[in-house]
Each structure stands twice: as C-alpha cells, then as structure tokens.
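Here is a friendly briefing to read with the model open beside you. It goes through one part of the fold at a time.

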Amino acid sequence: MKKKLIWVALDEIEWGQIIDGLVCRSELYEETARYHESGYAENEIAEVRDAAEARNLARIYRRIIRKIENARASAKGIGR
C-alpha cells in the first residue's frame with residue numbers, strides 16, 4: 001500500500017512550534033523508556049507496553065523532526 005503524503009505550508013515560526021512539540025513528545029517517550037528499564041522517572045511518562053515501544057515511538061518522532069529540519073534547511077538554501 002502506497003503511503004499518502006500530505007503537504008503543509010507554514011511559516012518559520014509555525015514550523016518552529018511544530019518542532020518544539022515533537023521534541024517534547026520524543027523526550028517524553030525517551031523518559032518513559034528509561035522508566036521501564038530502571039523503574040525510576042524524573043518526569044512525566046507515557047502509557048506504553050514496555051521500553052521497546054517507548055523507544056520506537058521516540059525514534060518515530062525524531063525521524064519526523066529530522067525530515068522537517070532538512071526541509072527547512074533546503075528551503076533556506078542551506079542543504080544537508
């Protein structure tokens with residue numbers, strides 16, 4: 001099945017806000033993975049089955065962040 005791509009036009013400030021939100025989510029899942037491994041959390045954790053699921057979700061968020069950052073750099077003519 002081919003994935004459907006969605007294109008969104010946002011200004012630089014709006015993209016910055018999106019990235020901030022995605023970073024917060026990735027950090028939440030990274031903290032959750034640490035909690036599942038150590039039994040201790042310094043901050044809020046997410047509801048997941050185990051550390052593997054949390055790490056996978058954190059990776060997904062980081063991948064999205066990289067895609068957005070690469071697109072922003074390309075739009076500025078910086079290239080990565």
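Leaving aside its neighbours within four places in sequence, Ser-26 touches Ala-58, Tyr-61, Arg-62 and Ile-65. Please keep in mind that this is a predicted model.

**Ser-26 in its helix**
- Ser-26 sits in helix H1.
- Is Ser-26 buried or exposed? Its relative accessibility is 0%, so Ser-26 counts as buried, the cut-off being under 20%.

**How the two helices pack**
- The axes of H1 and H2 lie 8 Å apart, and the two helices pack at an angle of about 160°.
- Because that angle is over 145 degrees, H1 counts as roughly antiparallel to H2.
- The contact of H1 with H2 is made up of 15 nonpolar, four polar and 10 charged residues.
- As for handedness, the crossing in which H1 passes H2 is left-handed.

**The nonpolar core**
- How many residues does the largest nonpolar core have? There are 14, and those with the most contacts inside this core are Leu-22, Tyr-29, Ala-54 and Ile-68.
- Two or more residues of this core come from each of these elements: helix H1, which spans 12-38, and helix H2, which spans 51-75.
- As general background, nonpolar side chains in soluble globular proteins tend to be buried together.

**Glu-31 and Asn-43**
- Glu-31 has its place in helix H1, and with a relative accessible area of 8% this residue is buried.
- Which residues does Glu-31 contact, leaving aside its neighbours within four places in sequence? They are Ala-41, Glu-42, Asn-43, Glu-44 and Ile-45.
- One of those contacts, Asn-43, belongs to the loop between H1 and H2.
- Asn-43 has 54% relative accessibility and so counts as exposed, for which the cut-off is over 50%.
- Along the chain Asn-43 and Glu-31 are 12 residues apart, while their C-alpha atoms are separated by 7.2 Å.

- Is Asp-50 buried, partly exposed or exposed? At 33% relative accessibility, Asp-50 counts as partly exposed, because that value falls between the 20% and 50% cut-offs.
- From C-alpha to C-alpha, Asp-50 is 28 Å from Ile-68, and the two are 18 residues apart in sequence.

Notes: Residues are numbered from 1 along each chain as its sequence is written. This is a predicted model: local features need pLDDT of at least 70, side-chain atom pairs count only at pLDDT 80 or more; totals for chains, interfaces and linings use all residues. Side-chain values use heavy atoms; hydrogens and water are left out. A nonpolar core is a set of buried Ala, Val, Leu, Ile, Met, Phe, Trp, Tyr and Cys residues joined through side-chain atoms within 4.5 Å. Buried means under 20% relative accessible area, exposed over 50%, partly exposed in between (1.4 Å probe, protein chains only). Helices (H or I, at least four residues) and strands (E, at least two) are DSSP runs, numbered from the N terminus. Axes are lines fitted to C-alpha atoms, for helices over the stretch in contact, and angles run from 0 to 180 degrees between N-to-C directions. Angles under 35 degrees count as roughly parallel, over 145 as roughly antiparallel, 65 to 115 as roughly perpendicular and the rest as oblique. A crossing is left-handed if the near helix is turned anticlockwise from the far one by less than a right angle, and right-handed if clockwise. Ala, Val, Leu, Ile, Met, Phe, Trp, Tyr, Cys and Pro count as nonpolar, Asp, Glu, Lys and Arg as charged, and the others, Gly among them, as polar. Contact means heavy atoms within 4.5 Å.
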